[in-house]
Amino acid sequence: MTETYIGAPIRRREDVRFLTGRAKFVDDVKVPQMLHAAILRSSHAHARIKSIKTTNALAIPGVVDVITFEDIAHLAKPIPIRAYALPGLERYLQYPLAREKVRYVGEPIAVAVAETRYVAEDALDAIDVTYEVLPAVVSVHEALRDEVLVHEENGTNLAARYSISIGDIEMAFRQADYTRREEFKVHRHTGNPLETRGLLASYDSGRGELTVWGPTKVPHINRAFLSSFLSLPEQKIHFIEPDVGGGFGVRGEFYPEDFLIPFAAIKLGLPVKWIEDRREHLMAANHSRDVWCEAEIAARRDGTLLGLRAKLYGDMGGYIRTHGGIVPASAAGLLPGPYRIPAFECAVHCIMTNKTGLGTLRAPGRYESCFIRERLLDMVAADLNIDPAELRLKNLIQPTEMPYVLGVTRRGESPTVFDSGDYPMALKRALEKIGYGELRQRQGRYEEGKYHGIGIGCYVKNTGRGPFECARVEVRSGNSIAVYIGLASLGQGHETTMAQICADTLGVPIEQITVFHGNTDFLPFGGGTNASRGTVMGGNAVYLAAQEVKCKVLTIAGSYLGMAPSDLELRDGQVHGKGAETEKPLLSLEDVVPLAAPTSRVNPLEPGLDATAYFKSDNLTYTYGTHVAHVAVDPETGKVEVLRYVAVEDVGRCVNPLLLHGQIVGGVAQGIGATLLEDLVYSENGQLLTTTFMDYLLPTSTVVPPIEAIILEEAPSTLNPLGVKGGGEETSLATGATLANAVANALASFGVNVTELPLSHNRVREWIRRQQDKD
Amino acid sequence: MSRKHNIIVTVNGKTYERSVEARMTLADFLRDELALTGTHVGCEHGVCGACTIMMNGEAIRSCLTLAVQTDGSRLMTVEGIARPEELHPLQTAFQERHALQCGFCTPGFLMTAYVFLKETPAPTEAQVREAISGNICRCTGYLPIIQAILEAAPIMRSA
């Protein structure tokens, strides 16, 4: 295949509508007679609902209805788990509205529907809820004591527990010259896409068909859930994905509102729109990261790692959400990282508390485990007097060891096998880029009022999660080629990258291709966009479908021309004799279209120039890289300034370097913000204190340092025809680890040992002061 | 139903006469009353900047402004920056530099940049960084946005 497009930094074809204000996000979609919903949410972390009085709300002019659990009881059931259904979690699921009890601040209690959102919010103020407030449990330590039970019918807050074990951990610790044990805490934070969640549901009662604008991320899966809730066949439910303002793992799972809004539309016989506001989003959309870990590492005196054991606790919140135990399970799953550690043992615990449910956020669990492991490695290096870069080079898995079988690190899944990679090279490139040789002399130095530190973080990330993805390519006319993908789009640029793959594979100019995504009507099955699977799964499905269509084109053209298809090729939308570079084309694609029509007499195949293909994979590809950061810490204020940030990553084969570079800069910036600024803070009685952007601080342009990104293609994947690995999540994964190591190095003279995130300035200042008080 | 107030406001060169409740925000007025959905609402409390538009030559937060406050004013939204069928140099530069991913923050950045470059036609990188520090982007990490604005500045000066 001629490669004009794959690998090229093609500017995005979808941009114009976003730049000119003509994009259609869900709140931009308007249908006639639309009503507006607002959700009444619990203001208590843990309480029994004694009564809900709706008469005053219903009396407000313009209020159409107030829906409570009573109204949905005949259809209501717990929202199921779609992934990581660890045994035991199924006892802690959430109903779409609170029944008798609320378990976190923000839990939906009622839905008010009115002619405008303004009036719907007036209705919320007039709904009278009587609560019997219960004590709230807000920390994992407290929850483990099982004194206050979040779900008393289950008798415990320990929702699930399992262990993984590789090698002989006892022997590793017996043989070790050196061991180190620490406790780590990663803070609760979330992704905050700039667009909050929203849905518009419209029910055609004549036909019994429901249309919902807004679903994204995993639309086919969510449609199946909704079908089950409503007892409405899937083919009568149409999900339309509008433009989507980011997701980062948070948007697109099946939330209570994904049932409530369609339910309201059906009940009221009118379209109902619900757009979340930011305060709601911060308390109702999934939180993430909240992990506490006791970890212990064993090594030889020369720094050779022998073993790693850990106990991981995930603070799951009041209910288990659709991706089950993914956060702590994923933290355990790659805790050893890209290193050769012969023995590994990890116990994973899911603990319930009275907080918002825990779900995915860009590289769930792996931002956490990278921090834990990379901090431990720096501690080992310091204790054994080995340079942290040398220690890593000594223990990183070598390319000659690929594919590297780690073993089963996720309960119930096949063994973790790193497909390909040159991990030492990624580290060396990063060190070279930042000038580590010279720069390391500034470790811990006090210069012009600040302490300098350089930190390293190496990582590996599973990408390209299967088991399948679907794509359909259809040539409708010579200049109209459609690619339908089962992926969703939340800003990744699939309309460009998938067109690139189709253009090169089929042999047509990219201008003729349009990519359609997200709607459940396009394809019968779709896996959605998450877990950095788009390029691997969607890209290869497009490749397979385009191959099939090209084959059809050449077969039909061959039949017409009296030539063997193997003597023909399709280039730039023209059929040429193979090898006849300079001669005129024999046929254009435009000419072939009627030859493929149902009425054609020269078509030996089924009518049409289209093909639906599935790319199936039970393997994961492994993207990897190294981050290095240079920081300066002000000991008076505790402020951490990032002076330089280098991010090296290897995706095997890069479809669009402009877009991947964008993901790296964006992901690093997001990770820097998360590590230095963000924190979801609860009071002792379970009140979320950070419910606005004045309290929950997001990174702005003044916080982001120069970010130097290097994209490597040293190790294409052996697991798919395009040789690609996924990208997107891994870009922020190592930021916590890298910055924590930099800060620890900067403050080494104080004896500050960084074992917690975030590195906000009040906390850093506190750590310095505590050490100073000791002296 | 509470009392409504008549306002006359010019948006992107077109004059509108409408009757609105006192509590209706300007953002909602533009989006729902005038069907100009290019202006977005990200936080509704004036921090994220997604709702930024130009009012009488200044950049303002339309989520913190009431529609009634715009009576007699001239507004410009993202739909009005470019001539029809053309892209403004800022828009071209944003596409060139991949300064947008999900696109939700983009109208706010374009309006902030548009007003800023009128006031500071030849900015330094540091000035641009400061000027956009009141707009949040979750996707791009800001660096390509800064580059796009620096790239568009000389083109706008020569126009």
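In this structure, 41 residues of chain B are in contact with 42 residues of chain A, where contact means that the C-beta atoms of two residues, placed from the backbone, lie within 7 Å. This is a predicted model, in which local features need pLDDT of at least 70 and side-chain atom pairs count only at pLDDT 80 or more, while totals for chains, interfaces and linings use all residues. Residues are numbered from 1 along each chain as its sequence is written, and chains are lettered from A and ligands numbered from 1 in the order in which they are written.

**Where chain B touches chain A**

- On the chain B side, the elements giving two or more residues are α2 (89–96), α3 (106–119) and α5 (143–158) of chain B; helices (H or I, at least four residues) and strands (E, at least two) are DSSP runs, numbered from the N terminus.
- The most residues on this side come from α2(B), which gives four.
- By class, the side of chain B that touches chain A has 21 nonpolar, 14 polar and six charged residues. Ala, Val, Leu, Ile, Met, Phe, Trp, Tyr, Cys and Pro count as nonpolar, Asp, Glu, Lys and Arg as charged, and the others, Gly among them, as polar.

**Chain B as a whole**

- Chain B has five helices and five strands, and from the N terminus on its elements run β-β-α-β-β-β-α-α-α-α.
- Along the principal axes, the C-alpha atoms of chain B fill a box of roughly 50 × 30 × 25 Å.
- Of the 159 residues in chain B, 58% are buried, that is, they have 20 or more other C-beta atoms within 10 Å of their own, with C-beta atoms placed from the backbone.
- Among contacts in chain B with a separation of 6 or more, 61% are between residues 24 or more positions apart.

**Domains of chain B**

- Chain B is assigned domain 1 (4–78) and domain 2 (89–158); such bounds come from an automatic or database domain assignment.
- The centres of these two domains of chain B, taken over C-alpha atoms, are separated by 22 Å.
- Their contact takes 14 residues from domain 1 of chain B and 12 residues from domain 2 of chain B.
- On the domain 1 side, β3 (52–55) and β4 (58–61) of chain B are the elements that give two or more residues, and β3(B) gives the most, with three.

**Domains of chain A**

- Chain A is assigned domain 1 (15–21 + 466–616) and domain 2 (425–459 + 623–775).
- Taken over C-alpha atoms, the centres of these domains of chain A are separated by 41 Å.

**A sheet in chain A**

- Five strands of chain A form an open sheet with mixed pairing, in the order β18-β19-β27-β28-β29; two strands pair if DSSP finds at least two bridges between them.
- The edge strands, each pairing on one side only, are β18 (446–447) and β29 (707–712) of chain A.
- Strands β19 (residues 450–463) and β27 (residues 621–633) of chain A run antiparallel and are joined by 13 bridges.
- Thr463(A) has Thr621(A) in β27(A) as its bridge partner.

Note on methods
A residue is buried if 20 or more other C-beta atoms lie within 10 Å of its own, exposed if 12 or fewer, and partly exposed in between; C-beta atoms are placed from the backbone.
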